[in-house]
Amino acid sequence: MRATIKTIAELAGVSKSTVDRALKGQAGVHPDTRERILKAAEQCGYQINVAGRALRRQRSPLRIAVVFCWRRVFDCQIRDGIRAAEREFGTLGIQLDFFDLQTGDWEEQLRVLQSLRSDGVHGIILKAVDHPEIVKMVDELERSGIKIATISTDLPQSHRTYFVGQNYNQAGRVAGSLMEMLLGKNGNVTILQESTEYQVYWEREAGFVQYFHEQNSRITLQTVLCKEEMSPQNYPQILDYLRHTPDIDGIFCTGFSYLYAAQALLDTGRTGIRLIGYDVYTDTVPLMKKHALDFVITQNPFRQGYEGISGLFHRLVSNTSYSSNTVYTPVTTFNYEALEGMQPEMLSQL
């Protein structure tokens, strides 16, 4: 028998009008009730005509706000993925509005999110700052019917619709296993913590530390907080640290500043110190060639951008209940031999 709204209503224990609002993604349905209805729809095989709904959206497009700070190459690679998805889904009725942040701090991000409450957007793509006020605002927007997708760094304590990015704890554990492979069971390792504002960085550190605790390793760990995320000021800070800290065998960078660390190793003549970082940039391969960098761990920023738009589009159009609200991109490791000779356009897709 073909599933109907009445069937779903009986299964979920709600009215037909509530089912109708939930399936259309309209406001006024409690998140728990919406989830129960979507699961009931999935259970009884209710099929939503995604293509038909998307085509009807051509006259009144789904507006998705992209709230990002494009300060580094990695973020621009995410934007390339977003643009690719825009080209693919644009004819099916989506419209992207870009809100480019200048600083990326929580106060600026909060102001933009507040302005979107009454702006008529249906969804938001966000690189979220991990701050209680951002969590509160994300939850408020979700309650109002605006779906939030976090990209690159997550707000797991919020009620955001879903996350696309690396499993950062796992990525930290992978870095730990690589460092153990380089150093063995003994040594002194410095953790260069890029920032405490984003979940991505402290989750990587947590995974790295957990790995060594579980191995009962004799490797000692010390954390140094960088002056500012992705800031050139981190270079003299690292240089001074190296000059005054003689007993270092390895450095683990949780973010972009491995590039500054590698240059500081070259400038102090201490390339015997093993170095691990994240993501591929223009200077990554040359620094590896000079033996200032051992491994990078990548997370496919292009795919993060593409999946962010693709996933949000399907959730907005179909209101389908998905088995997971998290999409992890692969945790992949590269050394010089793996990256040597690779074309720049390929490097940007890693």
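Arg83 comes out as partly exposed, with a relative accessible area of 33% (buried means under 20%, exposed over 50%, and partly exposed in between, using a 1.4 Å probe and protein chains only). The side chains of Glu86 and Arg83 meet in a salt bridge, 2.9 Å from N to O (the term stands for a side-chain nitrogen of Lys or Arg within 4 Å of a carboxyl oxygen of Asp or Glu). Both residues sit in helix α5, three residues apart, which is about one turn of the helix. Helices (H or I, at least four residues) and strands (E, at least two) are DSSP runs, numbered from the N terminus.

This is a predicted model, where local features need pLDDT of at least 70 and side-chain atom pairs count only at pLDDT 80 or more, while totals for chains, interfaces and linings use all residues. Residues are numbered from 1 along each chain as its sequence is written, and side-chain values use heavy atoms, with hydrogens and water left out.

The structure holds 11 salt bridges. In one of them, Asp75 meets Lys127 at 3.2 Å, N to O. Asp75 belongs to helix α5 (residues 73-89) and Lys127 to the loop between β3 and α7 (132-143), so this pair ties together parts that are 52 residues apart in sequence. Asp75 counts as buried, at 1% relative accessibility, and Lys127 is buried as well, at 7%. Another salt bridge pairs Arg117 with Glu140, their closest N and O atoms being 3.1 Å apart. Here the link runs from the loop between α6 and β3 to helix α7, with the two residues 23 apart.

Seven bridges join β1 (residues 62-68) to β2, and Arg63 has Gln95 as its bridge partner in β2.

Six strands also form an open sheet in the order β7-β6-β8-β9-β10-β12, this time with mixed pairing. Within this sheet, β9 (residues 274-278) and β10 (residues 295-298) run parallel, joined by three bridges.

Notes: Pairing = 2+ DSSP bridges.
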